[in-house]
Amino acid sequence: MDRPPAGAEGPALRMYRVMAMIRAFEERVGELAKEIPGAVHLYIGQEAVAAGVCSVLRDGDHLASTHRGHGHAIAAGCEVEAMAAELYGRSDGVCNGKGGSMHIADLGHGMLGANGLAGGGVPLACGAALTARQRGTDDVAVAFTGDGGANQGAVLESLVLARMLDLPVVFVVENNGYAQATSAARHFSGTDMSARAAGFGIPGAVVDGADALAVRDAASEAVDRARSGRGPTLVECRAQRFHGHMEGWDNQAYRPAGEAERLRAEADPLALLRRRLTGAGQPADAGAELDRVEKESAARVQAAFDRAAQPAEPLLTALTTDVYAAH
Ligand SMILES: Cc1ncc(C[n+]2csc(CCOP(=O)(O)OP(=O)(O)O)c2C)c(N)n1
Ligand SMILES: [Mg+2]
C-alpha cells in the first residue's frame, strides 16, 4: 500500500485526492473506451468505497478486486501511468500489457488483481489472510465483491472458511443495486448482506457507500478486528453505479428513466466529501485546494493516456513469459 504523504493533511483530504484521481481516470477511460482493447467497467459513483477502505490499510496488507477494479487499484497506490499503459496492452503496463483492464495486479502495492470472475477475488483474499496468519504477521486482506458476485458459491464458501479459521480478512460488498442488467431486488435473496453475514457467525455492517468518512469508519473497525486476531467482518457498502455495466454495450433500458442522472445529482461521493471539506469550520481556501487536486489529477491522467495511446505492444518473444509466477 502506498499511503499519501502524512503531515498536516487529514484523512478526508487524502481520500478526496484518491477519489479525484479515480474519477479523472475513469472519465478519461470512458472517453477512450472505443479504442481501448477489451471491456472496461467504470467505477464512477463508487469512488468513496475504494478510497475509504484503502485509507485504513498499510504496507503488507492485500486486497483482491473485481472486474470493476480501476478504483481499487488507484486507492491501493498503483501508478495511473502503468495502469493506462496496461489498458492499451503496452509492454510497460503494470502487467506488461498482458492483463488489461480486468486483470490489473500489482503485488508491490498489495493489489492481488482485478478479476474477470464475479466473486473470484474473494477466495484469493482469504488466501492472503491465511498467509499472513501462517507467517505470524498482523497483516490483513480485503476482499471486494459486487452484490451479484456475493451470490457466488466461492464467496459463500469463503465466509465459512474465514469464520472457521478466524482469518484476518474483511469482506466488502459493493452493493450498487445491479448485476449487469439484473437489479438486486431480482437476484439477491434476503434483505441485506449484513443479515446474511450473521448466518455465517460473522459481524456485519451496512454503510452509505457514497460517504467516504462513513466507509472509512466501518472499514477501520473491521480492519482493527482482523488485525487484532478477532476474525473477519463483512461490510456492505450501498453504492451507486453512474454508468452502465460496461462501456459501449449497455443502453441501461432496465433502469428506471432518469435514475443515473438523479443519482449523480443526489449521491455523488465527491460532491458529498467536498461539502464536508468546505463546510463550516473548514479553512476558507479549502474549495480552491480541492479544485487544484482535481486539476492535477486530470492533467496527470491526460498525460498518462496520451503516452499510453502510442504503440508499444509486447514483443512476440514475450508470449511465453509471465505464464507462471512464483509467490
Ligand atoms: C463467475 C461469473 N459469472 C458470470 C459472469 C458475468 N458477469 C460479469 S460482471 C457480472 C455482474 C456482476 O455484478 P456485481 O457483482 O454486482 O458487480 P458490478 O458489475 O455491479 O460492479 C456478471 C454476471 C462472470 N464474469 N463471472
Ligand atoms: Mg452490482
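Start at ligand 1 and select asparagine 176. An N or O atom in the side chain of asparagine 176 lies 2.8 Å from an oxygen atom of ligand 1. That is a polar contact, a pair of N or O atoms within 3.5 Å; within protein, one must be able to donate a hydrogen and the other to accept it, and residues adjacent in sequence count only if both atoms are side-chain atoms. The protein covers 75% of the 580 Å² of accessible area that ligand 1 has on its own (Shrake-Rupley method, 1.4 Å probe; for residues, only the protein chains shown count as cover).

This is a predicted model: local features need pLDDT of at least 70, side-chain atom pairs count only at pLDDT 80 or more, and totals for chains, interfaces and linings use all residues. Residues are numbered from 1 along each chain as its sequence is written, chains are lettered from A and ligands numbered from 1 in the order in which they are written, and side-chain values use heavy atoms, with hydrogens and water left out.

**Around ligand 1**

Next, select histidine 67. One of its polar side-chain atoms is 2.7 Å from an oxygen atom of ligand 1. Then take glycine 148. Here a polar backbone atom lies 2.8 Å from a ligand 1 oxygen. Now show the shell. It holds 15 residues, and His67, Arg68, Gly116, Gly148 and Gly149 come nearest (a residue is near if one of its heavy atoms lies within 4 Å). By class there are 4 nonpolar, 9 polar and 2 charged residues. Ala, Val, Leu, Ile, Met, Phe, Trp, Tyr, Cys and Pro count as nonpolar, Asp, Glu, Lys and Arg as charged, and the others, Gly among them, as polar.

**The magnesium ion**

Select ligand 2. The magnesium ion is coordinated by Asp147 (OD), Asn176 (OD1) and Tyr178 (O), at 2.0 to 2.2 Å. Aspartate 147 sits in the loop between strand E3 (141–146) and helix H6 (153–165), and tyrosine 178 in strand E5 (residues 178–179), so the pair ties together parts 31 residues apart in sequence. Donors are N, O and S atoms within 2.8 Å of the metal (3.2 Å for Na, K and Ca); water is not among the atoms, so sites may look incomplete. Helices (H or I, at least four residues) and strands (E, at least two) are DSSP runs, numbered from the N terminus. Both aspartate 147 and tyrosine 178 are buried (under 20% relative accessible area; exposed is over 50%, partly exposed in between; 1.4 Å probe, protein chains only).

Go to proline 232, in the loop between helix H9 (212–227) and E8. Proline 232 is buried at 0% relative accessibility. Its C-alpha is 6.3 Å from that of aspartate 166, 66 residues away along the chain. Step to leucine 234, in strand E8 (residues 233–238). Leucine 234 is buried at 2%.

Continue to arginine 241, in the loop between E8 and helix H10 (259–266). Arginine 241 is buried at 0%. Its side chain makes a 2.4 Å polar contact with the side chain of tyrosine 254. A polar side-chain atom of arginine 241 also lies 2.9 Å from the backbone oxygen of histidine 243.

**Two backbone stops**

Select asparagine 96, in the loop between helix H4 (80–87) and strand E2 (111–113). Its phi is positive, about 60°, although it is not a glycine. Finish at glutamine 180, in the loop between E5 and strand E6 (182–183). Its phi is also positive, about 50°. Glutamine 180 is partly exposed at 45%.
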